[in-house]
Structures are given as C-alpha cells and as structure tokens.
Amino acid sequence: MDRTQRLADPELLDPEHEEVHLARGTRTGVPLAIAIHSTRSGPAIGGCRIRGYSTWHEGLADVLRLSRAMTLKCALAELPHGGGKAVAMVPDRPLAPGTRPALIRDIADRIAQLDGRYLTGPDLGSGPEDMAVIHDHAQGWAFCRPESRGGSGDSSPGTARGVVVALTAALAHTHGRGLSGLRVGVVGFGRVGRLVASSLAAADAQVIVSDVDDGLRPEAERRGLAWASTELLHEELDVLVPAATGGLLTAATARSCRATLVVGPANNQLADEGVEAVLRERGIVWIPDVIASAGGIIHAVCREELDLDEVATNARIDAIGDKVSRILEVARDQGTTTSQAARAVAAETDQAVSR
Ligand SMILES: NC(=O)c1ccc[n+]([C@@H]2O[C@H](COP(=O)([O-])OP(=O)(O)OC[C@H]3O[C@@H](n4cnc5c(N)ncnc54)[C@H](O)[C@@H]3O)[C@@H](O)[C@H]2O)c1
C-alpha cells in the first residue's frame, strides 16, 4: 500500500471508534493496537490477531476495520456486545525463543488496563492456550480458554456449524435446492475448512478442497475428500467456500469465478469493497462473512457468559440461517448489495432487541 492509498483509507482518516490504543509492549517492544468500536450494546469483543505488518498504518487499518466488523457481527448474532479487536504487529520473521510468552503477557497488560471494556478471544496467530494466560493476567477478560482450564475451547466447530447453516439457507433461497449433489470448492483446509468440507461431504455434496500447504493432502484424502492442486477459484462449482486467510477474492478472481454462491468463514474475504460490485454484476451471490463466520463467537459467548448448554447454544448458531434468509430478502426487495442488506438487518435486529 503506498502513502496516498494509506491516507485515503476512510477508517484511518475518520474512525468512528470509541477508543483506539496504540503502544509498544513493555517486555517485547512489539507494537500493540486495541480498537474498541462500540460498547453501546455491551463490552466490546473480538479476537487477538498476531501477525506481521509492513507498517503501523497497515496494522492500525486492520484493527479499525476488524473491530468495526465485529460490531456488525455481534448485532446480527444478537449478542450483548459491541465490536473490538487487538492486533500485535510482530516482525516478519520467527520470534526469538522465549519472546512469545512475553508477548502474550504484554497483550494481557494492555487488556487489563481497559477495565473490561474489551474482551478478547483467539484469532490468526493466537489460540486457546494464549487465552488462558490472558484470562489469568487480565482479570478474566478472555474467551475460549481450553475446556480443561474452564473455557469453551476451540471456536472452530461452532464457526464451521454456522458456515454450513448459512450455506444451506442461502442455497434454499437462491437455488431452491439442498446440499445433495452440490459441487462445492473449499479454499483453505485449516481448522474450519476441514470441518465444513467433512460436514458437506456427509450431506452428499461433491466436495473439492485446496490449500497452499500441499502437506495437508493426505489428511483430506483420509477424510475421503477430493484435493485440487490447481486454482479452485476458477473451477466449475456451484458454491465457493473461502476458508483461508483474508483478501482471497480480488476483482480479477471475482471476474473469473464460476460459482454462483460464495459463502465461507474467512474474515475480510473480499480484497476491497469494489469486489462485491463485480460479484453482483456477474449474478454471484455473496454472503457477508460477518454472518457466515459468526458461529464461533456465538458458541463462546453462549457457553461462557450466558451459561447455555450445548443444545441451546447450537440453536443460537442455527439461527444464523434465518438471518441469512432475511439478508437475502432485504437485498432482493431493496435492490442492494448483501453487505448493505446485512447492515439494514443488523439495525432491524437492534431495534427489535431494544424494544
Ligand atoms: N477458527 C474460527 O473459529 C474462526 C472464526 C471466525 C473466522 N475465522 C476465519 O476463517 C478463516 C479460516 O480460519 P481457520 O481457523 O480455519 O484458520 P487456519 O489457519 O486453521 O486455516 C487456514 C488455512 O488456509 C490456508 N491458506 C492460506 N492462504 C491460502 C490461499 N491463498 N489459498 C489456499 N489456502 C490458503 C492455510 O495454509 C491454512 O491451512 C480465517 O480467515 C479466520 O480468520 C475463523
């Protein structure tokens, strides 16, 4: 990103956030950013991302964008929270031995200073064990500790369940059909992608998976899934499931995509806002990731905070299907994009909840 593009980023110029904190960790010197987008519906919640950024601007833009999306995700999921996010901007080389525990303590210190206005969870680069450390050192303000340490554990199964529910609802709405015989491509065979792929295959869909890490192929084959070594984005598919890291769909890939429905867990799966217009022009329906990926956070909040059992929690995750149908109805009736419709449905939900 060049300087002009960076300064043109609307989030950087005019953030609508309640608080943004940026400082180096006292133990590691790693720049840490925490953004609280909104606490109007309850404390801000959102994952802790640990990754390399080429500049502070880039890390700051990420934390602003991701925390804003979390407010929308919480509203759509009807959770008593607003959006927040933490980002640790580590160097693009492996951390020195012993640095990682110090980094997690640095993050915990910053979260502790926010007095419960921000609660964290796992994201790219962080996991349940890190959440246990943050929970212990930041007065309990972390979700998804391992179950053995009193938390709700890995959020991936909840996220995968939500993706399958979203896909099923979207398919019924757009194609009037079920999963059997559907040709689905899952890009990214990580924690969520492999669970989604296996569930879809169990429902008789024809599933093809791909990953930049070819070493995952034996695991895919062990699960009876077809592996694509080629670029899945251009294959003849009914549904494309982006389950890799963000920015997978660019204007160019959107122009050559042959699926008619795109629904997956990847955060920020569209490289920029213009990609949605390209998909729409080509008649490809895109389900915004703020709703498709909400199953994990619903699981964590329902289990750890609302004290719901697994059955009631799964019912809350399954309600993602109703939200997807409503988003598609609003987009059709008002002639808007699905992301505009998602914002309208969040506002509708917010009004209904506060009545
Ligand atoms: N785990 C959750 O509960 C959760 C919740 C919400 C959103 N998400 C989002 O869903 C996505 C997947 O999450 P995950 O937990 O499975 O991550 P993961 O790191 O376990 O898996 C991601 C996989 O994508 C692969 N990959 C990366 N770039 C790729 C590319 N260009 N093409 C093909 N494969 C590529 C990686 O090799 C890896 O196997 C991420 O964007 C994450 O932010 C995850």
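In the predicted model, helices H6 and H7 pack with their axes 9 Å apart and at an angle of about 45°, where axes are lines fitted to C-alpha atoms, for helices over the stretch in contact, and angles run from 0 to 180 degrees between N-to-C directions. H6 and H7 are therefore oblique to each other, angles under 35 degrees counting as roughly parallel, over 145 as roughly antiparallel, 65 to 115 as roughly perpendicular and the rest as oblique. The crossing of this pair is right-handed, that is, the near helix is turned clockwise from the far one by less than a right angle. Between H6 and helix H13 (residues 310-318), the axes come within 9 Å and cross at roughly 45°; H6 and H13 are therefore likewise oblique, and their crossing is right-handed. Helices (H or I, at least four residues) are DSSP runs, numbered from the N terminus.

Around the ligand stand 20 residues, of which Ser155, Thr159, Val192, Asp211 and Ala244 come nearest; a residue is counted as near if one of its heavy atoms lies within 4 Å of the ligand. This shell divides into ten nonpolar, eight polar and two charged residues, with Asp, Glu, Lys and Arg taken as charged, Ala, Val, Leu, Ile, Met, Phe, Trp, Tyr, Cys and Pro as nonpolar, and the others, Gly among them, as polar.

Polar contacts (pairs of N or O atoms within 3.5 Å) involve oxygen atoms of the ligand: a polar side-chain atom of Asp211 lies 2.6 Å from one such atom, a polar backbone atom of Val192 is 2.8 Å from a ligand oxygen, and a polar side-chain atom of Asn267 lies at 3.0 Å from a ligand oxygen. The protein covers 78% of the 830 Å² of accessible area that the ligand has on its own, as given by the Shrake-Rupley method with a 1.4 Å probe. The elements giving two or more residues to the shell are helix H6 (156-175) and helix H7 (191-202).

Residues are numbered from 1 along each chain as its sequence is written, and side-chain values use heavy atoms, with hydrogens and water left out. As the model is predicted, local features need pLDDT of at least 70 and side-chain atom pairs count only at pLDDT 80 or more, whereas totals for chains, interfaces and linings use all residues.

Technical notes
Polar contact = N/O pair within 3.5 Å; in protein donor to acceptor, adjacent residues only side chain to side chain.
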